[in-house]
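Trainee: Could we go through the salt bridges of this model together? I would like to begin with the term itself.

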Amino acid sequence: MAEGDNKSANMLAQETVLLEEQLQGWGEVILAGDLVVRWEKPWFPGALIGVTTVLFMLVYYLDPSVLTGLSCTVMLLCLADYLVPTLAPRIFGSNKWTTEQQQRFHEICGNLVKTQRRMLGWWRRLFTLKEEKPKAYFALVISSLLAMAFIGQQVHNLFLTYLIVSFLLLLPGMNQHGVITKYTAMAKREINKLLKQKEKKTE
């Protein structure tokens with residue numbers, strides 16, 4: 001068991017180092033973005049929502065086709081991939097890179113690797129469920145897809161995308177400031193109350 005844990009830890013460290021090397025040119029931008037999504041200043045959540053809202057309003061106003069939207073998105077990503085590593089050191093100043101920043105960059109890369117591993121683990125568990133319990137897998141997948149289709153039919157796809165993107169951008173800050181923990185605890189208390197009331201009525 002200990003050998004397995006050590007092997008997993010070594011693989012995690014290797015993947016983290018590899019990701020650090022791949023994202024080294026984006027280091028300054030990633031650290032700046034990390035400060036924003038973790039709400040280091042009180043006005044950062046409002047700024048995130050404001051910028052996201054403006055971008056989605058622009059997409060809504062222009063109303064591009066799927067092909068045009070996809071082409072523009074890939075083009076912007078290619079431009080960013082070319083320009084950011086070149087311009088970031090000049091804007092942020094690579095000579096100002098400190099040990100604390102390097103440590104934070106390492107933590108961010110480690111968290112990204114862990115998230116990737118978690119998602120792959122969920123994917124593998126889904127296929128394991130398919131092999132071991134095909135009926136449960138079928139019911140789960142079909143019911144999930146039906147729920148998603150119903151939501152997609154009721155809510156405009158662009159607005160739904162806006163809500164998802166906004167939630168994902170605010171998620172690190174909510175986690176950092178204990179918002180998720182607070183409301184999760186409140187939900188658990190309410191559920192426990194309902195269960196206790198149900199047990200009392202049954203008795």
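Mentor: A salt bridge is a side-chain nitrogen of Lys or Arg within 4 Å of a carboxyl oxygen of Asp or Glu. This is a predicted model, in which local features need pLDDT of at least 70, side-chain atom pairs count only at pLDDT 80 or more, and totals for chains, interfaces and linings use all residues. Residues are numbered from 1 along each chain as its sequence is written, and side-chain values use heavy atoms, with hydrogens and water left out.

Trainee: How many salt bridges does the structure hold?

Mentor: There are five. In one of them, E40 pairs with R38, and the closest N and O atoms are 3.0 Å apart.

Trainee: Is R38 buried or exposed?

Mentor: R38 is buried, at 14% relative accessibility, whereas E40 is partly exposed, at 42%. Buried means under 20% relative accessible area, exposed over 50%, and partly exposed in between (1.4 Å probe, protein chains only).

Trainee: Which residues join E40 in one network?

Mentor: Salt bridges with shared partners connect D34, R38, E40, R104 and E107.

Trainee: What about R104 and D34?

Mentor: Their closest N and O atoms are 2.9 Å apart. R104 belongs to helix α5 and D34 to helix α2 (residues 27-37), 70 residues apart. Helices are DSSP runs (H or I, at least four residues), numbered from the N terminus. D34 is buried, with a relative accessible area of 9%, and R104 is partly exposed, with 21%.

Trainee: And where do E15 and R117 lie?

Mentor: E15 is in helix α1 (residues 2-22) and R117 in helix α5, so this pair ties together parts 102 residues apart in sequence. Their salt bridge spans 3.4 Å, N to O.

Methods
Helix = DSSP H or I, 4+ residues; strand = E, 2+ residues; numbered from the N terminus.
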